[in-house]
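Colleague: Please take a close look at one part of this model, and say how that part sits within the whole. I would like the cut-offs stated as you go.

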Amino acid sequence: MKKIPVIIDCDPGIDDTMMLTLAFARPELDIQLVTVEAGNLTIDKTTYNTLSFLTYIGVDVEVAKGLQQPMLRKQEVAEDIHGEGGLGNVKWAEPILQASNRPAIQAMVDVLMKATEPITIVATGPLTNIAALLFAHPEVKPAIKEISWMGGSAVGGNMSTTAEFNAYVDPHAVELVFRSGVPVIMSGLDVTHKAYITREEMKALSHLGTPFAEKVAEMMNFYTFTQSQTPFYTPGFEEQIRIHDVCAVAYLVAPEIFKGDDYFVEVELNGSLTQGTTLVDYVNKTGKAPNVHVLHSVDRQAFIDLFFHAITTIGQKLEA
Ligand code: BDR
Ligand code: CA
């Protein structure tokens, strides 16, 4: 099988660990490097969580620590959603895996410059590392096939009325990435709010029969509670548990289950009420050429099947 070479940039974060689960369960992906963002938590915590979770699921991959804070904005984290440690109440493993001695940007440059074919970047946090990479090392652009990013939204936010968390945290980074000329696929809230798990499906998770699945269910229970406290305008929304980041990998392994269109997208940098809002020009007001492939819908059942299959695959691998 021809594999897709991938670099993952993440900020675990509960749904980031579920994204890593899908990524490491899929034979289609050749994961060459994992870099860590500050985002849901400070960089020390997201790095620890990445090392701890990857140690638990038994993968050996280079993990490189990224930048400490957003480009210009004051750092804001999401411990209210992911917990103080970032992974609910669950302890995964004391890390055996150690962070690389190369910082994230250097590690990405080295991997990209040695690549024999263009690499896909999966990004599921604020885009600080990726923006810094593209700004400081434009020579790597031809080595990047595309960036599959969870972030932004065409309509409605979760951090403010109009802004999604990852875009809100570092809008200047989003702007640099959107303007870079590198193709971007945006799994924003428009699609990730359709990629939810129900409470019934959550119960089924714990019955998959492996200690891994039980721990996932325990962690997700925490997330279910914190997400149910999030206000939103759709009735019944509190019953739907969103695993946003999983979409960025699911799109790579099963693009046929998603629908999207190409649009010109820019981000609000200075709005006093709207910072981090991604403006998706679906009415073609700007007349500018599309720079982002915006996903807007997903076959939810196929997505859940993919997710459950990944939990089963990793759970069984650990028991073998
Ligand atoms: C995004 O924000 C974070 O809290 C999640 O990990 C996800 O990347 C959803 O808005
Ligand atoms: Ca994330």
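Modeller: N284 counts as exposed, at 52% relative accessibility. Exposed here means over 50% relative accessible area, buried means under 20%, and partly exposed is in between (1.4 Å probe, protein chains only). This is a predicted model, in which local features need pLDDT of at least 70 and side-chain atom pairs count only at pLDDT 80 or more, while totals for chains, interfaces and linings use all residues. Residues are numbered from 1 along each chain as its sequence is written, chains are lettered from A and ligands numbered from 1 in the order in which they are written, and side-chain values use heavy atoms, with hydrogens and water left out.

N284 lies in the loop between β11 (278-280) and β12 (292-298). Its phi is positive, about 55 degrees, although N284 is not a glycine.

K3 is placed in the segment before β1 (4-10). K3 is partly exposed, with 43% relative accessibility. Beyond its neighbours within four places in sequence, K3 is in contact (heavy atoms within 4.5 Å) with P27, E28, L29, D30 and E117. A polar atom of the K3 side chain lies 3.2 Å from the backbone oxygen of P27.

E28 sits in the loop between α1 (14-25) and β2 (29-36). Its relative accessible area is 18%, so E28 is buried. When neighbours within four places in sequence are left aside, E28 is in contact with M1, K3, I4 and V253. The side chain of E28 also makes a polar contact with the side chain of R26, at 2.8 Å. A polar contact is a pair of N or O atoms within 3.5 Å; within protein, one must be able to donate a hydrogen and the other to accept it, and residues adjacent in sequence count only if both atoms are side-chain atoms.

The loop between β1 and α1 contains G13, and the peptide bond from P12 to G13 is cis, with omega near -15 degrees. G13 is also among the residues in contact with H82; the others beyond four places in sequence are I14, D15, N40, L87, G88, F222 and Y223. H82 is found in helix α3 (residues 79-82) and is buried at a relative accessible area of 4%. The side chains of H82 and N40 are joined by a polar contact of 3.2 Å.

I81 leads from here to Q227: the two are 146 residues apart in sequence and 6.5 Å apart in space, C-alpha to C-alpha. Q227 belongs to helix α10 (residues 211-228) and counts as buried at 4% relative accessibility. Outside four places in sequence, Q227 is in contact with Q240, I241, R242 and H244.

Another buried site is L134, with a relative accessible area of 5%, in helix α5 (residues 128-136). Apart from residues up to four places away in sequence, L134 touches V140, K141, I144, I147, V177, S180 and V182. Between L134 and A173, 39 residues apart along the chain, the C-alpha separation is 9.9 Å. Helix α7 (residues 171-178) is mostly covered, with seven of its eight residues buried; A173 and V177 are among those buried.

As for the whole, the protein has twelve helices and twelve strands. Its radius of gyration is 18 Å, close to the 20 Å of the globule rule for 320 residues, so the protein is as compact as a globular protein of that length. That radius is taken over C-alpha atoms, and the rule is 2.2 Å times the number of residues to the power 0.38. The C-alpha atoms fill a box of roughly 55 × 50 × 40 Å along the principal axes. Of the 320 residues, 58% are buried. Among contacts between residues at least 6 apart in sequence, 82% join residues at least 24 apart.

Conventions. Helices (H or I, at least four residues) and strands (E, at least two) are DSSP runs, numbered from the N terminus.
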